[in-house]
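Here's a quick briefing on the chain you're about to look at. Take a moment with the sequence and the fold, then read on.

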Amino acid sequence: MNLLKNKMQRRDFLRAIARVGLTTAFTSQFMLSNKVFAQTAGAKRFVMVYYPNGCVRDKWHSYNAGALGSNSFATSPLQHLNAHLTKLVPIKNLTYNGHGGNSGHPEACRGVFSGGQEYAPTFDVALGEALGGRLTKNMHVGVWTSKIKGAEYMPFTDKNRNKIQVSDDPQQVYDTLLADVVRNSGGGTPDPDTERRKKVLETLHENLDLLQANTLSVKQQGKLLTHEEALNYYQNTLTGTLNIGSTGFARPTIGMTGINDDGDAIAKAQMRNIAMAFQADITRVASFQFMGAQDESLKINFPAIRPYMGEYGSGDKLNYNQNGSHASSHDESSLFDAQTRWYNILVAYLMDEFAARPDVTYGGTLLDNTLILVMSEVGGGNHQQENPGIYVAGGAGNSIRIGNAIDANNAGMSNLYLDISKAFGLNWGRYGNSSGGVAGFLR
């Protein structure tokens with residue numbers, strides 16, 4: 001009876017993990033590859049931020065190439081990143097052509113984020129597999145992604161070539177990923193959920209013992225040993241302790257409400273979830289998704305950008321359909337330009353969170369060791385594939401030339417992915433359709 005009960009608890013736990021799109025150490029066949037535990041140089045943590053429908057490119061790229069100054073973004077929606085000028089690398093003249101670019105939103109989502117290889121695992125997933133994490137290799141969160149037209153409008157793809165359905169609920173993400181670590185970091189009596197997870201592991205070990213008692217081929221025994229090592233890894237995670245500090249950790253006060261006016265608060269709560277997960281060293285890779293491609297369900301009309309919204313910034317027009325991202329994108333108007341400001345305001349908020357938190361594993365602050373990639377599935381509002389609105393942010397362990405704007409001279413997006421992998425000390429010969437790097441990006 002107890003064995004059956006434990007098995008049922010195990011299934012419940014695995015379902016809970018699946019609901020928030022997490023990949024735990026003991027569920028991954030790649031967790032114990034040699035690359036996972038290798039020490040890497042330079043950047044230590046990675047965030048991929050996706051925003052939908054491109055940007056007004058002439059406004060976004062109004063800065064000059066070279067060293068950034070206080071006026072570099074004066075007429076750009078990147079203006080709100082000014083506080084972090086010394087940790088930015090905005091990039092002009094990359095191209096998606098030949099690197100997954102397509103005039104259709106779902107078609108672009110098939111290849112742009114995986115280096116031009118359709119349906120392949122996206123770059124964030126590939127990097128997470130290579131770097132590994134203490135509890136999960138890749139954390140995916142979002143806001144308003146649950147209102148997508150279909151899975152094909154989602155940007156991120158897992159290692160099994162399935163589109164990743166991210167969680168829009170900050171409270172669910174916290175409860176599943178962070179609550180146990182935060183509660184147990186200070187010692188005391190373990191909470192019931194932690195005890196339940198330990199029982200699940202005990203049951204899995206019992207099942208392995210039964211299997212290993214059978215006469216198996218060398219290949220089958222090897223697989224069982226791999227599974228056993230993965231279980232031991234997760235057991236050590238549960239029983240180990242980590243001094244994550246006594247401040248800066250709190251359950252979000254908001255979930256996924258479905259109320260338009262809550263969109264800004266939900267996005268900030270998800271950003272804080274990422275920052276807390278990094279501070280607790282639960283993961284080294286996270287992905288944040290603003291809505292789905294071709295999305296127009298969230299009206300982007302929040303107070304921070306109303307001064308830039310023209311006639312739609314006040315009164316009844318605040319709730320007009322034009323305030324949806326896709327609805328305004330094809331006009332490439334000042335309204336659409338204002339909406340992309342909101343995305344950058346949130347990235348600046350994430351950088352503030354990172355800058356305020358110590359990196360207890362690698363030293364310095366989280367911002368010092370993190371590389372953030374911000375991009376969309378298309379370049380401009382009319383599905384252009386040239387000169388997309390892309391920038392890299394964060395200290396990145398001093399591995400990239402931060403504080404400078406770069407002209408990529410029509411290099412492919414896959415080349416930037418390859419250079420980012422090198423910033424993490426990975427020895428990838430190529431990524432996707434890459435043909436080299438991007439001049440001036442790496443130190």
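What share of the 443 residues of the protein chain counts as buried? The figure is 57%. Keep in mind that this is a predicted model. Below is a tour, from the overall picture down to single residues.

**Overall picture**

- The protein chain is built from twelve helices and eight strands.
- If you take the contacts between residues at least 6 apart in sequence, 75% of them link residues at least 24 apart.
- The chain's accessible surface is about 17,300 Å², and carbon and sulfur atoms account for 47% of that.

**Nonpolar cores**

- In soluble globular proteins, nonpolar side chains tend to end up buried together.
- Here, the largest nonpolar core counts 67 residues, and the ones with the most contacts inside it are Ile 274, Phe 290, Trp 342 and Phe 354.
- The top contributor to this core is helix α10 (residues 334–355), which puts in twelve residues.
- Apart from that core there's another one, with 46 residues, including Val 89, Phe 113, Leu 131 and Leu 373.
- Back to Phe 354: setting aside neighbours within four places in sequence, its contacts include Val 47, Ile 274, Ala 275 and Phe 278, along with Thr 365, Leu 366, Leu 367, Thr 370 and Ile 372.

**Arg 45, a buried arginine**

- Arg 45 sits in strand β1 (residues 45–50).
- Its relative accessibility is 0%, so Arg 45 counts as buried, the cut-off being under 20%.
- What does the side chain of Arg 45 pair up with? It makes a polar contact with the side chain of Asp 359, at 3.1 Å.

- Helix α12 (residues 413–423) is largely enclosed by the rest of the structure, because ten of its eleven residues are buried.
- Among those buried residues of α12 are Met 413, Asn 415, Tyr 417, Asp 419 and Ala 423.
- Which elements do the buried residues of α12 pack against? They meet the strands β1, β3 (88–92), β6 (370–375) and β7 (390–393), plus helix α4 (123–131).
- Just after α12 comes Gly 425, with a positive phi of about 80°.
- Helix α8 (residues 263–279) is enclosed too: 14 of its 17 residues are buried, so the rest of the structure largely surrounds it.
- From its first C-alpha to its last, α8 reaches 25 Å, which is close to the 24 Å expected at 1.5 Å a residue.

**Positive phi in two loops**

- Gln 294 isn't a glycine, yet its phi is positive, near 60°.
- You'll find Gln 294 in the loop between β5 (285–290) and α9 (325–329).
- Is Gln 294 buried or exposed? At 19% relative accessibility Gln 294 counts as buried, because the cut-off is under 20%.
- Asn 409 is another non-glycine with a positive phi, of about 55°.
- Asn 409 belongs to the loop between β8 (404–407) and α12.
- With a relative accessible area of 61%, Asn 409 is exposed.

Methods
Residues are numbered from 1 along each chain as its sequence is written. This is a predicted model: local features need pLDDT of at least 70, side-chain atom pairs count only at pLDDT 80 or more; totals for chains, interfaces and linings use all residues. Side-chain values use heavy atoms; hydrogens and water are left out. A nonpolar core is a set of buried Ala, Val, Leu, Ile, Met, Phe, Trp, Tyr and Cys residues joined through side-chain atoms within 4.5 Å. Buried means under 20% relative accessible area, exposed over 50%, partly exposed in between (1.4 Å probe, protein chains only). Helices (H or I, at least four residues) and strands (E, at least two) are DSSP runs, numbered from the N terminus. Contact means heavy atoms within 4.5 Å. Accessible areas come from the Shrake-Rupley method with a 1.4 Å probe; for residues, only the protein chains shown count as cover. A polar contact is a pair of N or O atoms within 3.5 Å; within protein, one must be able to donate a hydrogen and the other to accept it, and residues adjacent in sequence count only if both atoms are side-chain atoms. The expected span of a helix is 1.5 Å times one less than its number of residues.
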